[in-house]
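Q: Can you walk me through the packing in this one? I'd like helices to begin with, then strands and a few single residues.

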Amino acid sequence: MAELTASTSYLMLIKNQEKENRMKKDLDELLDYCPNHERENYNYLFQSFQKLFRKSLQTKETIHWHEIESLPPGHLIDYSNFSSPGKEEIKGMLEKLVVVKLNGGMGTTMKCIGPKALIPVRNNLTFLDLTVQQIDNLNTEYDVNVPLVLMNSVKTRDSTEVVLKKFRNLRIKIYTFMQDRYPHIRAENFQPLPKSFDEDETFWYPPGHGNFYEAFNKSGLIQKFLDEGKQFCFVSNIDNLGATIDVSILNFLVNPMSNTPTDFLMEVTQKTPADIKGGTLVLHKGKMRLLEYAEVPPDHIDEFKNARNFKMFNTNNLWMKLEPIVQLTNEDKLDLNVIENKKRIITEYGIEDVIQLETAIGAAIQSFPQAQGVVVPRSRFLPVKSSSDLFLLRSNVYVLENGKIIMNPLRSFPFPPLVRLADDHFGDYRDIDKRFAKIPDCIDLHHLTVSGDVTFGKDVSLSGNVTIIANHNERIDIPQGSDLQGKIVTGCLRIVDY
């Protein structure tokens, strides 16, 4: 039996070596078609891709569930232990900070055309508007110069650069750098999909936000910031409106409570049923690491989703020292787990089954020597992944203050309501404007489910648990001024003018 296992492993090693050699040959041939002015960049990029491909072949079975443990009590820092510094201290700390927003997403799940960052969130202000407003207000209040850095992808770069022109007269300095692009891999034969650099952009893909470290370092911006006296960066998704600069967390990094300074800090928060796919911190062979949903063996998905087993999840709000990023990247010591993402795309040649090899930015927690996790309030995590999320942020459950979205103090509950707007009629974020004459009063709402062809008039009030389900091929119009408290509305209801 041992001989059979050894023989199988050897054959697998040979097959993987053949795939790796074939990939290198194909990439070298593709590089022959690269424009001369881009050849050096793509040569470097293809070397990075080749390493990722090699790692994906070597680590197909790295997750053995029996080696995974939930974090024991006390393993994470409690946010309540952090203290707020005085104004003069804050000023000194902010001068050491760089804010980075991950801006590579297109918001395809919300039928967005263009960068997700340009979707209007509140008062016709986009994610980008609110982000700039937050940092510009902070710079003005403390007389500092915290820069904003955007990591764009090929798909978001041009539209974002056009919009950035309107911020030229503000105090804030805005920088951008490009996430890399890698070739899609054909699932049937493990060959790169593109055969030239002029082919459609669907032949390529951005390799996940784990590419941040390499792309940021390659851009030269880190060294520029280090030369200016910057020491830390705060990185988060641009669609997470709870990810604002927190001076208590920054104070912990600048003035550590122990003799061991923290070089990487991940914000985690309490898991809810809405967070079943969020990555979570675990112990793997006794070492803390990030476990993503896509890495979990199929037989253990339900166990992974269970909030009793894994109570916390990653918000993707990350604080890091700049120097270790440079060192780990230059020395090729970043250990990022490869996520194999299978896709079906439409090209000019038809439907193609492809593989995207991606990495997650939070996975670097296992590479930084003094990495830690901190349990933060839920208010630090306000992502917009669907029209339901956008509806909630536009409602009076939240208020807007200096670019920050915060819970309305008039709400009696410390948590937001659970909102489910079905994709059949609310999947496009523009459906909110079409189907709501005005966002209802939701200040006392607990739960809202809306499905089918439903529209809302002005001055509607929703409280308690409300369910509205229109029958197939029928329509429900909620009249202007309606007060729905703990109601279920089903079937057909349509009111028209004479």
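A: Helix 6 and helix 10 are roughly perpendicular to each other (angles of 65 to 115 degrees count as that, under 35 as roughly parallel, over 145 as roughly antiparallel and the rest as oblique). This is a predicted model, where local features need pLDDT of at least 70 and side-chain atom pairs count only at pLDDT 80 or more, while totals for chains, interfaces and linings use all residues. Residues are numbered from 1 along each chain as its sequence is written, and side-chain values use heavy atoms, with hydrogens and water left out.

Q: What are the angle and axis distance for helix 6 and helix 10?
A: Helix 6 (residues 212-219) and helix 10 (residues 322-330) pack at about 100°, and their axes are 10 Å apart. Axes are lines fitted to C-alpha atoms, for helices over the stretch in contact, with angles from 0 to 180 degrees between N-to-C directions. Helices (H or I, at least four residues) and strands (E, at least two) are DSSP runs, numbered from the N terminus.

Q: Which residues make that contact?
A: Phe212, Tyr213, Glu214, Phe216 and Asn217 come from helix 6, and Leu322, Ile325, Val326, Thr329 and Asn330 from helix 10. Contact means heavy atoms within 4.5 Å. By class, the residues of this contact are 6 nonpolar, 3 polar and 1 charged. Ala, Val, Leu, Ile, Met, Phe, Trp, Tyr, Cys and Pro count as nonpolar, Asp, Glu, Lys and Arg as charged, and the others, Gly among them, as polar.

Q: Which residues of helix 10 are buried, and what covers them?
A: Leu322, Pro324, Ile325, Val326, Leu328 and Thr329 are buried (under 20% relative accessible area; exposed is over 50% and partly exposed in between, with a 1.4 Å probe and protein chains only). Their cover includes helix 6, helix 7 (221-227), strand 11 (232-237) and strand 15 (312-321). Just after helix 10, aspartate 332 has a positive phi of about 55°.

Q: How do helix 3 and helix 8 pack?
A: Helix 3 (residues 87-94) meets helix 8 (residues 247-254) at about 70°, with the axes 10 Å apart, and the two are therefore roughly perpendicular. Ile90, Met93 and Leu94 of helix 3 touch Val247, Leu250, Asn251 and Val254 of helix 8. That contact has 6 nonpolar, 1 polar and no charged residues.

Q: Strands now. Why call strand 13 largely enclosed?
A: Strand 13 (residues 280-284) is largely enclosed by the rest of the structure because 5 of its 5 residues are buried. Thr280, Val282 and His284 point one way, Leu281 and Leu283 the other. In a regular strand the side chains alternate between the two faces of the sheet.

Q: What does strand 13 pair with?
A: Strand 1 (residues 68-70) is joined to strand 13 by 3 bridges and runs antiparallel; strand 14 (residues 287-291) pairs with strand 13 over 5 bridges, also in the antiparallel sense. Two strands pair if DSSP finds at least two bridges between them. Histidine 284 stands opposite isoleucine 68, and its bridge partner in strand 14 is lysine 287. Strands 13 and 14 form a hairpin with 2 residues between them, and lysine 285 in the turn has a positive phi of about 55°.
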